[in-house]
Amino acid sequence: MPPSASWRPDKDLRPDHFHERVDGAAPALIALGCRRLLYFRLESPPADLEVLVFATADGAGEALSRDAGDARSPGLPGDEAWANEQCVFFRRGDVYVRLIGDDRGHARAIRAEAERVDRAMAQGELPR
């Protein structure tokens, strides 16, 4: 978990390099207006964090809907969100965040991490 002042992605990808991270989903993300993908590897809890920046909030919302369907989970960060025992997906404006734990044993910690990411976004600490 990086301190809030030093959010440095492990990968900072533009659309022509999305394939390095999203295996086959690059064309769909690009069609929705995704213009940047930031990837972070978190150690506590062990998880992958993807911050996808879109041209519009509608594009980010559509990406969330493609991953989560119409279901939404109350009490989570962002303008809209969905979670299960292993992951939290949320949208805040034109940014879509996917936080996926390595296993199902860290649901509470994954949710707390999602809240921390949302705060960092609100404070402008995450690169866009």
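Q: Why is strand S6 described as largely enclosed by the rest of the structure?
A: In this predicted model, strand S6 covers residues 95-101, and six of its seven residues are buried, so the strand is largely enclosed by the rest of the structure.

Q: What makes S3 and S5 pairing partners of S6?
A: Two strands count as paired if at least two bridges are found between them; strand S3 (residues 46-54) pairs with S6 in the antiparallel sense over seven bridges, and strand S5 (residues 87-92) pairs with S6, also in the antiparallel sense, over six bridges. Val 95 in S6 stands opposite Val 53 and is likewise the bridge partner of Arg 92. S5 and S6 form a hairpin with two residues between them, and Gly 93 in the turn has a positive phi of about 60°.

Q: How do you know that Arg 92 and Asp 118 form a salt bridge?
A: The cut-off for a side-chain nitrogen of Lys or Arg and a carboxyl oxygen of Asp or Glu is 4 Å, and the closest N and O atoms of Arg 92 and Asp 118 are 2.7 Å apart, so the pair qualifies as a salt bridge. This pair links distant parts of the chain, since Arg 92 lies in strand S5 and Asp 118 in helix H4 (residues 107-122), 26 residues apart.

Q: Why is Asp 118 called buried, and why is Arg 92 called partly exposed?
A: Buried means under 20% relative accessible area, and partly exposed lies between that value and 50%; Asp 118, with a relative accessible area of 10%, is therefore buried, whereas Arg 92, at 31% relative accessibility, counts as partly exposed.

Q: What makes Arg 72 and Glu 80 a salt bridge, and how accessible are the two residues?
A: Their closest N and O atoms are 2.9 Å apart, which is within the 4 Å cut-off, so they form a salt bridge. Both Arg 72, with a relative accessible area of 29%, and Glu 80, at 22% relative accessibility, are partly exposed.

Q: Why does the radius of gyration of the protein chain agree with that of a compact globule?
A: With 128 residues, a compact globule would have a radius of gyration near 14 Å, and the protein chain has 13 Å, so the two agree.

Definitions and conventions
Residues are numbered from 1 along each chain as its sequence is written. This is a predicted model: local features need pLDDT of at least 70, side-chain atom pairs count only at pLDDT 80 or more; totals for chains, interfaces and linings use all residues. Side-chain values use heavy atoms; hydrogens and water are left out. Buried means under 20% relative accessible area, exposed over 50%, partly exposed in between (1.4 Å probe, protein chains only). Helices (H or I, at least four residues) and strands (E, at least two) are DSSP runs, numbered from the N terminus. The radius of gyration is taken over C-alpha atoms; the globule rule is 2.2 Å times the number of residues to the power 0.38.
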